[in-house]
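The sequence and structure come next.

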Amino acid sequence: MTPPAAVPALETAEQARTRTRKVAAATIVGSMLEWYDFYLYATMASIVFGRIFFDNSDPESATLAAFATFAIGFVARPLGGIFFGYVGDRFGRRRMLVWTFSLMGICTAAIGLIPSYATIGIWAPVLLVAFRIVQGLGAGAELAGAAVTAYEHAASDRRGRQGAWPALGLNLGLLLSSLTVYLLTLGGDEFLLAGGWRIPFILSFALVFLGLWVRRSLPETPQYHAIDVAHAPKTPFRTLLSTNMKGLFVVFLVAIGYNAISYIFKTFSLAYLTQFKGVPASTTAFAVTLASLVAIVAVPVFGWLCDRFSSKAVLATGGIVAATFAYPFMALLGTGQATSVYLAIVIGTGLIAPMMFAPQGSFLSRQFSVESRSTGVGTGREIGTAIAGGLAPLWALTMVARSPDHSTTGVVAILAVSAFIVVAAALADQGARFSRARN
């Protein structure tokens with residue numbers, strides 16, 4: 001294969017600006033697709049999939065089964081993180097980004113084409129699970145690849161801002177998908193159940209073509225081109241385990257804590273409001289739309305704060321704020337009132353989650369040397385994401401469902417403990433071993 005183009009040794013100012021724009025587009029579009037799918041799948045799992053892809057004789061069990069398929073996608077993420085992390089360290093960051101994006105995009109669109117349970121019986125959930133697993137392989141390295149690429153293309157005083165680009169893509173994806181769901185549910189959920197849910201999945205083909213076009217023109221990162229790839233470790237995962245378990249553990253803890261909080265904010269809340277509070281999908285979708293608009297402004301601010309103070313400081317502060325907001329978040333959702341729902345989700349998803357996510361591009365990348373950075377970030381983050389992101393919302397929903405009065409006390413405890421895990425991980429930062437930069 002023809003190797004990706006290198007960054008010129010001596011760039012003009014205009015060449016540097018052009019490269020920065022390409023990196024921004026490539027990293028933001030990929031994260032946008034991943035989280036466009038995330039919100040779509042979470043919403044449809046809480047409203048549609050239980051009725052469309054499963055035996056609906058027991059609606060509560062069907063909803064839990066649909067959420068189980070959401071969790072199943074996380075099983076493949078660590079495998080994707082390890083494999084595509086290896087690809088990134090051995091063959092280049094750009095090649096990894098093209099492969100992961102292709103897997104995610106094709107599977108997202110294919111989910112929109114699966115026939116219903118009424119049409120093909122048990123094959124409907126089988127196909128749903130199969131596409132979800134393959135999709136998880138791509139998603140398992142997408143954010144790690146985007147974060148590492150943005151970080152390695154950045155000047156030392158801009159790593160916080162550029163490392164936050166995947167977080168910006170996340171919220172653009174949430175905005176696009178939540179706005180789509182909001183428009184589709186303005187007249188109630190009937191249109192979704194009648195087949196309207198397929199539209200946003202199939203439309204993701206457009207994002208796939210756009211993303212592949214952008215990523216194929218992306219130059220390789222300067223830091224990766226500076227290493228002697230021929231003499232780099234042939235087994236970066238094994239090398240990582242023997243030389244930097246501390247860095248791997250820090251990334252794992254950040255992923256555990258952050259994703260438990262984030263997926264309860266973004267996933268559990270949707271199912272809880274729909275199933276136990278009777279809140280219509282249009283209300284939850286509009287709440288996420290508002291939160292995404294706030295986050296699109298907040299993410300660059302938190303990225304700038306990472307450059308001004310440090311990604312460690314911003315991440316730890318986000319964890320402390322999240323612990324403080326755990327009880328008010330569930331109390332606001334518990335009212336079932338639209339205004340309170342908007343306030344809870346805007347604060348949680350629009351401000352607190354970005355405060356912890358924006359620093360991760362620079363914070364996670366700095367835990368490793370260039371030679372094993374892709375493998376380290378992809379492995380540590382995706383093992384943690386698979387455990388927390390897949391199980392936390394399902395565990396929380398099950399706790400509420402089994403409680404006689406549908407108590408959310410256990411959910412508050414999960415949020416608080418997860419927030420303190422984030423703080424502990426931030427304080428255990430290993431980045432000084434690999435970089436003198438403050439990020």
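Histidine 406 lies in the loop between helix H20 (373–402) and helix H21 (409–427); helices (H or I, at least four residues) and strands (E, at least two) are DSSP runs, numbered from the N terminus. The model is predicted: local features need pLDDT of at least 70, side-chain atom pairs count only at pLDDT 80 or more, and totals for chains, interfaces and linings use all residues. Residues are numbered from 1 along each chain as its sequence is written, and side-chain values use heavy atoms, with hydrogens and water left out.

Most residues other than glycine have a negative phi. Histidine 406, not a glycine, has a positive phi of about 55°. Serine 310, also not a glycine, has a positive phi of about 160° and sits in the loop between H16 and helix H17 (311–335).

Buried means under 20% relative accessible area, exposed over 50%, and partly exposed in between (1.4 Å probe, protein chains only).

| Residue | Relative accessible area | Class |
|---|---|---|
| Serine 292 | 0% | buried |
| Serine 310 | 13% | buried |
| Histidine 406 | 36% | partly exposed |
| Phenylalanine 209 | 60% | exposed |

Serine 292 belongs to helix H16 (residues 281–308). Leaving aside residues up to four places away in sequence, serine 292 is in contact (heavy atoms within 4.5 Å) with Asn171, Leu174, Leu175 and Ser178.

Phenylalanine 209 is part of helix H12 (residues 204–216).
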